[in-house]
Amino acid sequence: MLSLTPEETTAILLSLKVASVATLGSLPFGVLIAWLLARKTFPGKALLDALVHLPLIIPPVVTGYLLLLLFGKRGPLGSWLAEIGIVFAFRWTGAALACAVMGFPLLVRAIRLSMEAVDPRLEAAGRTLGAHPALVFLTVTLPLSLPGILAGVVLSFARAFGEFGATVTFVSNIPGETQTLPTAIYTFTQVPGGDAQALRLTLISIAIAAVAILLSELLARRSARRVLG
Amino acid sequence: MSLEIDIAHDYGGFALQAQFACAPGLTALFGRSGAGKTTLVNAIAGLLTPQRARISINGRVLADTGNGINVPPHQRRIGYVFQDARLFPHLTVRNNLLYGRFFARRDDDIDFGHIVDLLGIAQLLQRRPATLSGGEKQRVAIGRALLSRPELLLMDEPLASLDGARKDEILPYLERLRDELRLPIVYVSHAIPEVTRLADTVVLLSDGRVQAVGSVEDLTARLDLFPLTGRYEAGAVLNATLVRHDEAWGLSVLQTRAGDVMVPRLERALGTALRIRIRARDVTLALTPPTGTSALNILPGTVAELQPSSEGAPQVEVRLDCHGDTVLARVTRLSADRLDLQPGKPVYAMIKTVALDGGSLGGRGR
């Protein structure tokens, strides 16, 4: 029961890779957008806020299709990026992009909430002590938002790990290239005699999710202790 | 050092307009809540940009709206001790202290150990701010500001959030700070005892305007400022020198121009220069040298000025000239009439020793 076929192992490892790259790659952008929304006022802020939240609201298939239109081989961004050697369509990088977009609202939301909770008076104190605003951000705002950043990373990772609709629409379901755990499970349920494999992968995905949640709880508790003293 | 300030700022129907220069030493910005004190220090620190401002320190212009100059807070080199300490909760006390020093980037090394000893925080270095008492937090906040090597230290009611015992714990440290470091301090307060104890110069602020600037002794002696300095605590401040301890009775004797004043035993060295604030409501007047009274302090003087506390009030404020020192007394109109008090009349001021407690006494500094 627990000996995996090479096909299954590939799907699991690919899922982990896609979710990790999606989460870590979107983290700097997530922090930047969260900071803009938490601390700045500028024209079009409401629009940016809505745009960030869009993947949470519209059907994943729609997000996948929009990505395909934009980043496909003949899409306006896809053709331009292809010239400098970055290809998303039907590659694992495309799966990572789809997962990053789907997880982004959760990432930004969690970070923004914790940044808003950081007392701006502490930032003012940092400035009077001679620290440039950018350094105040790095030494005061960011460390104090750490619990929210960790929560955002975990949520975004979990979302990426389970992403199906946008991924399958954007980059299809190619074994070894874009076939992640959820799409593999779906494939096994569609072929006769694939039930055992589907169940096995289901159990594995539950186990990975459980470990991720436990790990994040542990990290969150430690960082909260650090932040709150 | 010279700090020159000229600020005008309107916000929410309140107009702040202040122009003054600070002498070396500790300058107290004194006024009631809502007088504009915090707005003023925030403008000096650069945390608030006034509509019109010209601020310079030792000739270095920090803000000049006329010429488009507005130095950002992190380049002003002004230490700021906030009312609420504002220690960084994610850093240990040691790292809080080192935060400002790291950014000060100066060649001359500040003696970390000296500041830590001065403030008595050596045993707290490994702790986190959340585990400190209010008084400890405030001492660490002062140390953190000092170690950033400021040219000026702003303190915004650093004692306001502390109870009486914690205040008494910190005041001696503030006196040492003022006397041992050659650092000008602007100290915001609405408490006369603190101002009496610490200030070299007082800037009296009311309704967003500077009402008076002068020494503690001069300002507290002015009857016309009573409504602003607070009637209950109002009283003249005398310069004194500690000349004798009376161990048997637990008393200390202070010499002033007005005469010797006995106070409860002070734990200070003989010869220490002190200030003593004699509240007007603690002074009793007599026309002849009183005998058979429990009051230990009897100061002869002459009436210099009389003024009703307010229109139709039952009390009058009496300013006495006691050999060049000013003593203020508050008596009823009835008493003033019975004694026929008028300028030039010789009187004797009686003050109970027990009325002159710790809140009335402070080191004078320089």
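This is a predicted model: local features need pLDDT of at least 70, side-chain atom pairs count only at pLDDT 80 or more; totals for chains, interfaces and linings use all residues.
Biologist: Start with chain A. How many helices and strands are there in chain A?

Modeller: Chain A has 11 helices and 0 strands. Along the sequence the pattern is α-α-α-α-α-α-α-α-α-α-α. The C-alpha atoms fill a box of roughly 70 × 40 × 30 Å along the principal axes.

Biologist: What share of the residues in chain A is buried?

Modeller: Buried residues are 41% of the 229 in chain A. Then look at sequence separation. Take the contacts in chain A with a separation of 6 or more: 76% of them join residues 24 or more positions apart.

Biologist: Now a helix pair. How do the axes of helix 1 and helix 8 of chain A cross?

Modeller: Begin with distance and angle. Helix 1 of chain A covers residues 6-39, and helix 8 of chain A covers residues 146-161. Their axes come within 9 Å and cross at roughly 140 degrees.

Biologist: Which residues of helix 1 and helix 8 of chain A meet?

Modeller: From helix 1 of chain A, they include Ser15(A), Ala19(A), Ala22(A), Ser26(A) and Gly30(A). From helix 8 of chain A, Gly152(A), Ser156(A), Phe157(A) and Ala160(A) are among them. By class, this contact has 8 nonpolar, 6 polar and no charged residues.

Biologist: Next, the interface. How many residues does each chain give to the contact?

Modeller: Count each side on its own. Chain A gives 17 residues and chain B gives 22. On the side of chain A, the elements that give two or more residues are helix 6 (120-128), helix 7 (133-144) and helix 11 (195-228). Helix 6 of chain A supplies the largest share, 6 residues. The side of chain A that touches chain B divides into 10 nonpolar, 4 polar and 3 charged residues.

Biologist: Move to chain B. In which sense do strand 4 and strand 5 of chain B run?

Modeller: Follow the bridges. Strand 4 of chain B (residues 52-57) and strand 5 of chain B (residues 60-64) are antiparallel, joined by 4 bridges. Ile55(B) stands opposite Ala63(B) in strand 5 of chain B. The two strands form a hairpin with 2 residues between them. In that turn, Asn58(B) has a positive phi of about 50 degrees.

Biologist: What does strand 5 of chain B pair with over 2 bridges?

Modeller: Strand 6 of chain B (residues 69-70), again in the antiparallel sense. Here Ala63(B) stands opposite Asn70(B). This hairpin has 4 residues between the strands, and Gly68(B) takes a positive phi near 70 degrees.

Biologist: How should I think about side chains along a strand?

Modeller: In a regular strand they alternate between the two faces of the sheet.

Biologist: One last residue. Where is Leu341(B) placed?

Modeller: Locate the element, then the surroundings. Leu341(B) lies in the loop between helix 9 (333-338) and strand 20 (346-351) of chain B.

Biologist: Why is Leu341(B) classed as partly exposed?

Modeller: Count its neighbours. Leu341(B) has 19 other C-beta atoms within 10 Å, so it is partly exposed; buried would need 20 or more.

Biologist: Which residues does Leu341(B) touch, leaving out those up to four places away in sequence?

Modeller: Leu341(B) touches Val303(B), Leu306(B), Val318(B) and Ala336(B). Take Val318(B): it is 23 residues from Leu341(B) in sequence, and 8.8 Å away in space, C-alpha to C-alpha.

Terms used
Residues are numbered from 1 along each chain as its sequence is written. Chains are lettered from A and ligands numbered from 1 in the order in which they are written. A residue is buried if 20 or more other C-beta atoms lie within 10 Å of its own, exposed if 12 or fewer, and partly exposed in between; C-beta atoms are placed from the backbone. Two residues are in contact if their C-beta atoms, placed from the backbone, lie within 7 Å. Axes are lines fitted to C-alpha atoms, for helices over the stretch in contact, and angles run from 0 to 180 degrees between N-to-C directions. Ala, Val, Leu, Ile, Met, Phe, Trp, Tyr, Cys and Pro count as nonpolar, Asp, Glu, Lys and Arg as charged, and the others, Gly among them, as polar. Two strands pair if DSSP finds at least two bridges between them.
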